[in-house]
Amino acid sequence: MFRRKKTDNFQIKIRFVNKEEYFNVTLIPLLNGKNEVYKIIGLTHNLTDHILNEKNLKKLNSSLEKTIDALATLEEYRDPYTAGHQRRVCDLAKTIAKTCGLDEQQVHWLRSASLLHDIGKNHVPSAILTKPTRLTPAEYEIIREHVESGYQILKIIDFPGNVAEIVYQHHEFIDGSGYPRGLKENEICIEAKILTVADIVEAMASHRPYRASRGIDVALDQIRMWQGTKLDTKIVDTCIQVFNEGYQFIEYNKPLSQIVIEESLSRE
Ligand SMILES: [Fe+2]
């Protein structure tokens with residue numbers, strides 16, 4: 001006897017010989033004049049495709065993440081300075097993004113974009129990248145092309161979080177003085193604005209083979225000077241805030257490939 005007088009809704013999994021299917025079941029009791037259940041109407045809806053699609057989407061996202069880590073590892077083999085820079089920028093950008101209140105998905109894809117933002121430098125000869133003296137205008141032009149090249153490489157992979165576009169915008173400034181497209185304020189996505197600030201701070205605060213670190217204080221003074229003109233006001237405030245609260249750049253002393261392996265082992 002079905003005593004429950006309210007509608008019931010639940011999911012079940014049915015195992016067939018060689019497959020499993022998922023159903024949503026709704027049971028609606030019909031009451032007679034004495035308030036007794038005299039009939040139950042049952043409705044089922046097959047959820048198998050929906051559930052399998054969700055599982056496949058998770059798998060796809062995980063594969064994309066591994067693709068990003070693999071690409072970043074490849075870069076590390078070629079140029080340890082660029083790789084270390086990208087990992088530190090990635091960590092700072094994530095911290096700023098979380099403090100600014102970006103949602104989990106935005107932070108996730110910003111991580112990917114940060115980790116690969118200079119991937120286009122693969123096209124730039126090492127002699128130019130590490131040149132200890134002032135670059136010629138022609139050499140500077142070649143370096144600037146890394147943004148377009150990075151975009152062309154990443155747009156081949158159809159990232160759900162617009163990773164290629166974030167990379168494309170990481171040298172744009174809100175007053176339109178950046179490159180390659182001279183985008184302004186509202187034309188630049190928030191993820192790219194965060195990446196730009198993190199990129200500048202890390203680049204100035206770190207040692208390079210061709211120059212010493214200028215120090216974090218000088219780096220923060222620089223973004224303060226560009227606040228509201230080249231750089232977003234709120235993001236600059238947030239970046240300074242995270243350093244005031246004790247943020248420090250991580251010194252990576254092991255290759256990314258090893259970190260990726262360790263992280264995936266700890267998840268298993
Ligand atoms: Fe760059």
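Mentor: Start with Arg-88 and Glu-202, which form a salt bridge whose closest N and O atoms are 2.5 Å apart. Arg-88 belongs to helix 2 (residues 80-100) and Glu-202 to helix 7, so this pair ties together parts that lie 114 residues apart in sequence. A salt bridge here is a side-chain nitrogen of Lys or Arg within 4 Å of a carboxyl oxygen of Asp or Glu. Helices (H or I, at least four residues) and strands (E, at least two) are DSSP runs, numbered from the N terminus.

A word on the source before we go on. This is a predicted model, in which local features need pLDDT of at least 70 and side-chain atom pairs count only at pLDDT 80 or more, while totals for chains, interfaces and linings use all residues. Residues are numbered from 1 along each chain as its sequence is written, and side-chain values use heavy atoms, with hydrogens and water left out.

Now, are the two partners buried or exposed? Arg-88 is buried because its relative accessible area is 11%, and Glu-202 counts as buried at 0% relative accessibility. The cut-offs are these: buried means under 20% relative accessible area, exposed means over 50%, and partly exposed is in between (1.4 Å probe, protein chains only). Across the chain, buried residues make up 43% of the 268 residues.

Arg-144 pairs with Glu-141, with 3.6 Å between the closest N and O atoms. Here both partners lie in helix 5, three residues apart, which is about one turn of the helix. Arg-144 is partly exposed because its relative accessible area is 28%, and Glu-141 is partly exposed too, at 43%.

Elsewhere, salt bridges that share partners join Lys-13, Arg-15 and Glu-20 into one network. Within it, Lys-13 and Glu-20 have their closest N and O atoms 3.9 Å apart. Lys-13 has a relative accessible area of 43%, so it is partly exposed; Glu-20, at 33%, is partly exposed as well.

To place these pieces, picture the whole chain: it has ten helices and three strands, and from the N terminus on the elements run β-β-β-α-α-α-α-α-α-α-α-α-α. Phe-10 lies in strand 1 (residues 8-15), and it counts as partly exposed because its relative accessibility is 33%. Helix 5 (residues 137-154) also holds Ile-153, which counts as partly exposed because its relative accessibility is 28%. Ile-153 is eleven residues from Ala-164 in sequence, and their C-alpha atoms are 8.1 Å apart in space.

What kind of peptide bond joins Tyr-179 and Pro-180? That bond is cis, with omega about 10°. For context, most peptide bonds are trans.
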